[in-house]
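Visitor: Hi! I have a new structure open and would like a hand finding my way around. Could you show it here and walk me through it?

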Amino acid sequence: MANHLIHRDPLHTLGRFDPFSDMEDLMHDFFAPALRLREGAAPRIRVDISETEHSYLVQADIPGVSKDDIQVSIDGNRVSISAELKDERVTRDGGGKVVRSEREYGQQHRSFVLPHEVDEAGAQARYQDGVLLLDLPKKAGTGGRQLAIQ
């Protein structure tokens, strides 16, 4: 009878089998599509950010919100946008009832970090047709410098 050694690779999937972790991953993968539908697959506030030599231009889609219910805050290179979506249903005099409503209500928030600090004093915001436009000038002198190696 010959002795055979079996070599196991600890980095191989079967070599590091953890039934509880693997079951959690399986459940997450199974229920993820339903959770995304319930919670919203993408952020409600969608942004496009472009950069020029002197500023950042942000275009944020926030439909169905009054400009008075939008707040933008700048802290260094972090920009935060929040919006309050209100439930302003129109009541019908004819006694009709709402059969289905897919409108979202509540607080929406979006935050992102830019590569350079923003000059808060020169920043401008405009809201038109459901789109928030931000012009965020870069703060002078925050580009850093490269060190010469001696």
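Guide: Happy to! Let's start at Gln108, which touches Arg44, Ile45, Ile81, Ser82, Ala83 and Leu85, leaving out residues up to four places away in sequence. Keep in mind that this is a predicted model.

Visitor: Which strand does Gln108 lie in?

Guide: Gln108 lies in strand E5.

Visitor: And is Gln108 buried or exposed?

Guide: Gln108 has a relative accessible area of 18%. Buried means under 20%, so Gln108 counts as buried.

Visitor: OK, let me zoom out. How many helices and strands does the protein chain have?

Guide: There is one helix, and there are seven strands. Reading from the N terminus, the order of elements is α-β-β-β-β-β-β-β.

Visitor: Back to E5, then. What sheet is it part of?

Guide: E5 belongs to an open sheet of three strands, ordered E3-E4-E5, with antiparallel pairing. Strand E3 (70-75) and strand E5 (106-113) are its edge strands, and each pairs on one side only. From one strand to the next, the twist averages 15 degrees.

Visitor: How many bridges join E4 to E5?

Guide: Eight bridges join them; strand E4 covers residues 78-85, and the two strands run antiparallel. As one example, Ile81 has Arg110 in E5 as its bridge partner.

Visitor: What is Asn77 in contact with?

Guide: Setting aside neighbours within four places in sequence, Asn77 is in contact with Phe112, Val113, Leu114, His116 and Glu117. Take Leu114: it is 37 residues from Asn77 in sequence, while their C-alpha atoms are 5.2 Å apart in space.

Visitor: How many bridges hold E2 and E7 together?

Guide: Seven bridges join E2 to E7, and these strands run antiparallel. Within that pairing, Ala60 stands opposite Leu132 in E7.

Visitor: And E6 with E7? How many bridges there?

Guide: Strand E6 (residues 124-128) pairs with E7 over five bridges, again in the antiparallel sense. Two of the facing pairs to look for are Ala125 opposite Leu134 and Gln124 with its bridge partner Asp135. E6 and E7 form a hairpin with two residues between them, and Asp129 in the turn has a positive phi of about 55 degrees.

Visitor: Why is E7 said to be largely enclosed?

Guide: Because five of its seven residues are buried, E7 is largely enclosed by the rest of the structure.

Visitor: I clicked on Ser55. Where does it lie?

Guide: Ser55 lies in strand E2. With a relative accessible area of 10%, Ser55 is buried. Its side chain makes a polar contact with the side chain of Asp135, at 3.4 Å. Beyond neighbours within four places in sequence, Ser55 is in contact with Ser50, Asp135, Leu136, Pro137 and Lys138.

Visitor: You mentioned Leu136. What does Leu136 touch?

Guide: Not counting residues up to four places away in sequence, Leu136 touches Ser55, Tyr56, Val58, Ile74, Val79, Leu114, Val118 and Ala123.

Visitor: Now the nonpolar core. How many residues does the largest one have?

Guide: The largest nonpolar core has 17 residues, and those with the most contacts inside it are Ile62, Ile70, Ile81, Leu114, Leu132, Leu134 and Leu136. Strand E2 (55-61), E4 and strand E7 (131-137) are the elements that give two or more residues to this core. E4 gives the most, with four residues. As a general point, nonpolar side chains tend to be buried together in soluble globular proteins.

Visitor: Last one: what share of the protein chain is buried?

Guide: Buried residues make up 19% of the 150 residues. The protein chain exposes about 12,600 Å², with carbon and sulfur atoms supplying 50% of that area.

Definitions and conventions: Residues are numbered from 1 along each chain as its sequence is written. This is a predicted model: local features need pLDDT of at least 70, side-chain atom pairs count only at pLDDT 80 or more; totals for chains, interfaces and linings use all residues. Side-chain values use heavy atoms; hydrogens and water are left out. Two strands pair if DSSP finds at least two bridges between them. Axes are lines fitted to C-alpha atoms, for helices over the stretch in contact, and angles run from 0 to 180 degrees between N-to-C directions. A nonpolar core is a set of buried Ala, Val, Leu, Ile, Met, Phe, Trp, Tyr and Cys residues joined through side-chain atoms within 4.5 Å. Buried means under 20% relative accessible area, exposed over 50%, partly exposed in between (1.4 Å probe, protein chains only). Contact means heavy atoms within 4.5 Å. Accessible areas come from the Shrake-Rupley method with a 1.4 Å probe; for residues, only the protein chains shown count as cover. A polar contact is a pair of N or O atoms within 3.5 Å; within protein, one must be able to donate a hydrogen and the other to accept it, and residues adjacent in sequence count only if both atoms are side-chain atoms.
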